[in-house]
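Me: I've got a model open and I'd like to learn how to read it. Can you walk me through a couple of features?

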Amino acid sequence: MIFSTFSSPYARFNFRIGDDRIPVHGPLKRDDVRAAALAKGFDAIAVVVDRSRLIIRCHTCGQHQVKRASVISKNQPECPHCIRNRRIAAAARIGVSFVRHSQKSQRHGHFVLPCGHEIHRQYYRVESAARGDHALGCDICRENRYAAQSLRFGWTLSGAAHSGRQGYRRYRHTCGHGQDIMVGNILWGDCACAGCSPGRTSRPSHIYMFRIHLPGLPVLKLGYSARPAKRLRHQLGIAKTVKTEVIRAIRLPTGHVARSEETQCHTILKRDHPEWLVPKSAYGDAINTVSEIYYPIAEARMHALLDDIDARHAERSA
Ligand SMILES: [Zn+2]
Ligand SMILES: [Zn+2]
Ligand SMILES: [Zn+2]
């Protein structure tokens, strides 16, 4: 209660309600207010706090509360203890047992659900659930259910969505890749893994070489993509004013092959000529990638590496 820090030099003693100590000024002298309280189911005990309030005792449950004298005269005061008791009784009717009142809020209590898990809920929510207005869901059971559903499709629930979006969770695929997926989608197994889905890696792909004429900094990019031209113009975030060209693109049977050939090229270039790599700080946001950008001096060596890839795969498909 908000009165616990109030202290008056005129108060004779404190009245305790729970952990609160309420400064008492003396007995109630107004018979009209006393009569109004009695008629409404309460005994008026004492004048407290700023003298405009009273301590009243409920005839039904015998518990005390502080109320303004004006409220007692003009309205029907409610007893919060009786209301809470009524709600706890309602909870018991649907198999939800009351554990204790909340330390944080007068509106909340701790309850144990029929599943055995404990929840912290508003009393009125528990009562409306008992009336049948809604189900009293268990967060722990719900997450366990989501985890079990996702396992059927090879995903493991790993927690809250990284994006924080409602209705999403973070899942890890059997391949090790983690991604946010809508809970409703995983129910039906409608969730392609961005790490290993066949759509991405088993269709034909290309290893490519781009030239990007950043102002004052012409660079080369080596990478792989199913559609190199689209990658160059739409996915790298390069300004429209910057001239770009696809110097070369070698078609390969799958994305897997393209990715491993590309990785191999970067490994060789980095090992033999680390100075050819353009640091991210040099081009910043001008190209939406963190690596795979080279100075023009790398061009001849890149062509040689791509010639080699081309020759090996031409042999295989011949
Ligand atoms: Zn009461
Ligand atoms: Zn539960
Ligand atoms: Zn996967």
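Me: Let's start with the zinc ion (ligand 2): how are its donor residues spaced in sequence?

Reply: The spacing is C-x1-H-x20-C-x2-C. Bear in mind that this is a predicted model, where local features need pLDDT of at least 70, side-chain atom pairs count only at pLDDT 80 or more, and totals for chains, interfaces and linings use all residues. Residues are numbered from 1 along each chain as written, chains are lettered from A and ligands numbered from 1 in written order, and side-chain values use heavy atoms, without hydrogens and water.

Me: Which atoms are the protein donors of that zinc ion?

Reply: Donors are N, O and S atoms within 2.8 Å of the metal (3.2 Å for Na, K and Ca); water isn't among the atoms, so sites may look incomplete. Here they are Cys-115 (SG), His-117 (ND1), Cys-138 (SG) and Cys-141 (SG), 2.0 to 2.3 Å from the zinc ion.

Me: What geometry does the site have?

Reply: Four donors count as tetrahedral if all angles lie between 85 and 135 degrees. The angles here are 104 to 116 degrees, and the site is tetrahedral.

Me: Is Cys-138 buried or exposed?

Reply: Buried means under 20% relative accessible area, exposed over 50%, partly exposed in between (1.4 Å probe, protein chains only). Cys-138 is buried at 11%, while Cys-141, at 25%, is partly exposed.

Me: Now helix α1: which of its residues are buried?

Reply: Helices are DSSP runs (H or I, at least four residues), numbered from the N terminus. In α1 (residues 31–39), the buried ones are Val-33, Ala-36 and Ala-37. They cover an arc of only 100 degrees around the axis, so they sit on the same side of α1. On the other side, Asp-31 and Ala-39 are exposed.

Conventions
Four donors count as tetrahedral if all angles lie between 85 and 135 degrees; four count as square planar and six as octahedral if opposite donors are over 155 degrees apart and all others between 65 and 115; anything else is irregular. Helices (H or I, at least four residues) and strands (E, at least two) are DSSP runs, numbered from the N terminus. The arc is that of the directions from the helix axis to the C-beta atoms.
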